[in-house]
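Biologist: I have a model open and want to learn how to read it. Can we go through it feature by feature?

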Amino acid sequence: MEAKKAAGAALHGFNTGLGFLLDTPLVGPLLSKGLATITYVGRRSGKTFSTPVGYRRVGDDIVIGVAMPDKKNWWRNFLDDGAPITVRINGIDRRGHAVTTRDDRGGVSVRVRFSAQG
């Protein structure tokens, strides 16, 4: 159990550091070509969470591929009808609506459709 706690703390530290780098003027634009910070409200806790994710553009939307989805929970906030999300790319926050899908092989992706206001 201690190893699991230590791994969780290390991952939290890594995510915090990566989030900081995404907001820096020199490194942020380079990283933002494939990395973003998402902010959302937990479906059960009601708490606000932020985490860096990899993404790819698909038309006007972005798609976030979830690696090892069974070891993560954040994407479950966007099951069924989905939920609001804020995506920070290159220092700019854009609000949208995210919906999770799971394919036949267990792969998970989250599609974000941005609102007209940005």
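Modeller: Start with Ile-64, which touches Ile-38, Val-53, Gly-54, Tyr-55, Trp-74, Val-108, Ser-109, Val-110 and Val-112, leaving aside residues up to four places away in sequence. Contact here means heavy atoms within 4.5 Å.

Biologist: What should I know about the source and the numbering?

Modeller: This is a predicted model: local features need pLDDT of at least 70, side-chain atom pairs count only at pLDDT 80 or more, and totals for chains, interfaces and linings use all residues. Residues are numbered from 1 along each chain as its sequence is written, and side-chain values use heavy atoms, with hydrogens and water left out.

Biologist: Where is Ile-64 found, and is Ile-64 buried or exposed?

Modeller: Ile-64 is found in strand 4, residues 61-66. Strands (E, at least two residues) and helices (H or I, at least four) are DSSP runs, numbered from the N terminus. Buried means under 20% relative accessible area, exposed over 50%, and partly exposed in between (1.4 Å probe, protein chains only). Ile-64 has a relative accessible area of 0%, so Ile-64 is buried.

Biologist: What separates the C-alpha atoms of Ile-64 and Trp-75?

Modeller: They are 9.4 Å apart, with the two residues eleven places apart along the chain.

Biologist: Now the pairing. How many bridges join strand 5 to strand 6?

Modeller: Two strands pair if DSSP finds at least two bridges between them. Strand 5 (residues 83-89) and strand 6 (residues 92-102) run antiparallel, joined by seven bridges. Thr-86 stands opposite Arg-95 in strand 6.

Biologist: Which strand pairs with strand 6 over seven bridges, in residues 108-114?

Modeller: That is strand 7, again in the antiparallel sense. Val-99 stands opposite Arg-111 in strand 7. Strands 6 and 7 form a hairpin with five residues between them. Gly-106, in that turn, has a positive phi of about 95°.

Biologist: How do I read a positive phi?

Modeller: Most residues other than glycine have a negative phi. Asn-90 is not a glycine, yet its phi is positive, near 55°. Asn-90 sits in the turn of the hairpin formed by strand 5 and strand 6, which have two residues between them. With 43% relative accessibility, Asn-90 counts as partly exposed.

Biologist: Where does Met-68 lie, and what is its phi?

Modeller: Met-68 lies in the loop between strand 4 and strand 5. Its phi is positive, about 50°, although Met-68 is not a glycine. Met-68 is exposed, because its relative accessible area is 55%.
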